[in-house]
Amino acid sequence: MIVLSLTAIIVSTVITFSIATELFIIFWIALAMFQNFAVGIFLSDRAAIVPIYISESKTIAATVAILMMLPVALSNMKRFTHPLRWYAVYAVVILGHVTSLGGATLPYLRNFLLPLATLLLVVAMTAGWGEKRRLDLASAIVRFGTVILAVGTFCEMLAGAQTWRTILHADKNSALNSLSTVTNFFGWRIERTGGFLVEPTNAGYIAAALIIIAVILVRSAGPQHRSGMYLCAVFCFWVLLMSGAKSGLLMLLIAATSAIAYSRAKSVWGGLTLGWIGATVLVAAYVAAIKGPAAIASAVSNPLSILGGDSTTYHLAGFIAGLKHAFTSILGGGIGVGGNFARIAGATNSQWILTGGESSWGVLAYQAGLLGIILFLATIASLCKHLGSRSAILISAWSSSAMFAEALFGPQVAGVILVVAALLLSDSAVRSRHDNNVGAERLVQQEHG
């Protein structure tokens with residue numbers, strides 16, 4: 001069974017990649033988005049552990065594709081040496097914080113390293129593509145993702161949330177990372193749906209990301225895409241509301257803030273910083289409205305003091321706790337220590353939240369220390385500078401939302417966002433770097449002529 005399953009994934013990857021890069025990317029996104037659904041179908045009353053070839057099929061496919069695309073990617077990567085150098089230093093620091101390969105080390109290595117590596121590889125693979133080809137694929141991803149989200153949500157509504165979760169064994173295995181089916185928003189109770197994603201929060205994040213991408217494409221793509229993008233945005237907003245993902249709504253606000261920041265800021269760092277500050281203010285203001293302004297001040301000294309009453313308090317507490325640890329223990333706690341995987345293993349709130357849980361920035365800062373988080377931000381800034389404003393807006397929205405959501409570093413959400421961010425690379429950015437390289441080569445030839 002194991003050999004057959006692995007062979008099926010590898011062969012499917014080779015075939016789709018050989019036919020067209022576009023086909024493989026759609027195939028990979030399908031693997032990522034249907035992961036939890038596949039896990040739920042596989043589980044039974046007797047099966048408590050999901051085989052890695054089921055839960056990590058997308059990682060296996062990505063690894064095979066990386067090996068296949070590496071020769072072309074390395075050649076094209078010369079155009080993007082600055083962000084590649086920053087990423088290389090960041091990756092070395094992350095790997096240097098590995099103390100063992102047990103527990104959650106490998107999942108966190110994947111979450112910390114794979115998203116930005118995927119972005120760089122897709123940028124390199126598609127750098128020679130024309131603008132139309134890249135935008136066509138981005139539009140196809142939005143349409144495909146919208147269909148998966150909308151159909152899944154509709155099916156869950158027909159079956160009923162509890163019946164749907166029972167069929168998919170959503171509460172039998174912590175690997176599904178399932179949450180409650182109800183959320184509270186200023187006293188308004190919302191029955192949550194996750195559809196084929198099973199986990200409502202991830203469904204909300206992806207829906208929010210697709211809305212952001214659709215809006216960008218309306219402004220960038222040709223008229224043949226606009227009506228489709230408007231329709232996708234409407235369906236995704238419906239999915240976002242049904243998922244009850246407050247963080248997804250926050251992501252939309254952050255994206256709007258990022259767009260305004262980039263249109264007004266005089267530098268990449270200025271635009272990113274405004275987006276990060278805006279995200280912090282929005283979350284803090286929401287928690288203050290629920291818990292009272294004094295709670296924010298007490299959270300700085302004791303992050304655990306704000307827990308309870310709303311899930312957003314956990315995100316803010318994990319963010320604060322992770323950063324505090326990075327400043328007090330600069331070397332970090334080591335990759336795989338704490339975070340949401342500690343919760344899955346049954347850790348208490350103090351063991352989980354105080355290690356940065358529920359915040360991608362928090363858990364990265366806790367595990368890789370101050371240097372790790374600084375290099376991550378520097379890599380993000382370099383990517384935004386070299387890829388252009390369209391990609392930068394999406395990367396900024398992703399990194400800002402990740403401050404208060406650990407799921408944003410996971411392959412389901414990060415895969416969709418960062419693959420499209422790579423495709424939104426501005427044509428002028430590619431040409432300018434290409435022209436500079438050609439000009440430099442001609443200058444050297446003249447000097448030695």
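**Note on the core and cavities of a predicted model**

1. Of the contacts in the protein with a separation of 6 or more, 76% are accounted for by residues 24 or more positions apart, where contact means heavy atoms within 4.5 Å. This is a predicted model, in which local features need pLDDT of at least 70 and side-chain atom pairs count only at pLDDT 80 or more, while totals for chains, interfaces and linings use all residues. Residues are numbered from 1 along each chain as its sequence is written, and side-chain values use heavy atoms, with hydrogens and water left out.

2. The protein has 21 helices and two strands; these are DSSP runs numbered from the N terminus, with helices (H or I) of at least four residues and strands (E) of at least two. Of its 449 residues, 57% count as buried, meaning under 20% relative accessible area with a 1.4 Å probe and protein chains only.

3. The largest nonpolar core has 136 residues, and those with the most contacts inside it are Tyr90, Ile141, Leu149, Phe376 and Trp398. Such a core is a set of buried Ala, Val, Leu, Ile, Met, Phe, Trp, Tyr and Cys residues joined through side-chain atoms within 4.5 Å. Helix 18 (residues 360-387) gives the most to this core, with 15 residues.

4. Which residues is Trp398 in contact with, leaving aside its neighbours within four places in sequence? Among them are Pro115 and Leu116, Phe376 and Ile380, and also Leu408, Phe409, Ala414, Ile417 and Leu418.

5. The structure holds two cavities of 30 Å³ or more. A cavity here is a set of points, on a 1 Å grid over the protein atoms alone, where a 1.4 Å probe fits but cannot get out, and lining residues have an atom within 4 Å of a point; grid points are joined across faces, edges and corners, and a volume is the space filled by probe spheres set on the points.

6. In the largest cavity lies about 180 Å³ of space. Its lining has 14 residues, of which Phe24, Ile25, Met69, Thr118 and Val122 lie nearest the centre, and helix 2 (21-33), helix 5 (57-76) and helix 7 (105-126) are the elements that give two or more residues to that lining.

7. The second largest cavity, with a volume of about 40 Å³, is lined by Trp28, Leu114, Pro115, Thr118, Pro411, Ala414 and Gly415. Helix 7 and helix 20 (411-423) each supply at least two residues of this lining.

Key. Buried < 20%, exposed > 50% of the residue type's maximum accessible area, 1.4 Å probe, protein only. 1 Å grid on protein atoms, 1.4 Å probe; cavity = no way out; pocket = protein on both sides within 12 Å on 5 of 7 lines; lining within 4 Å.
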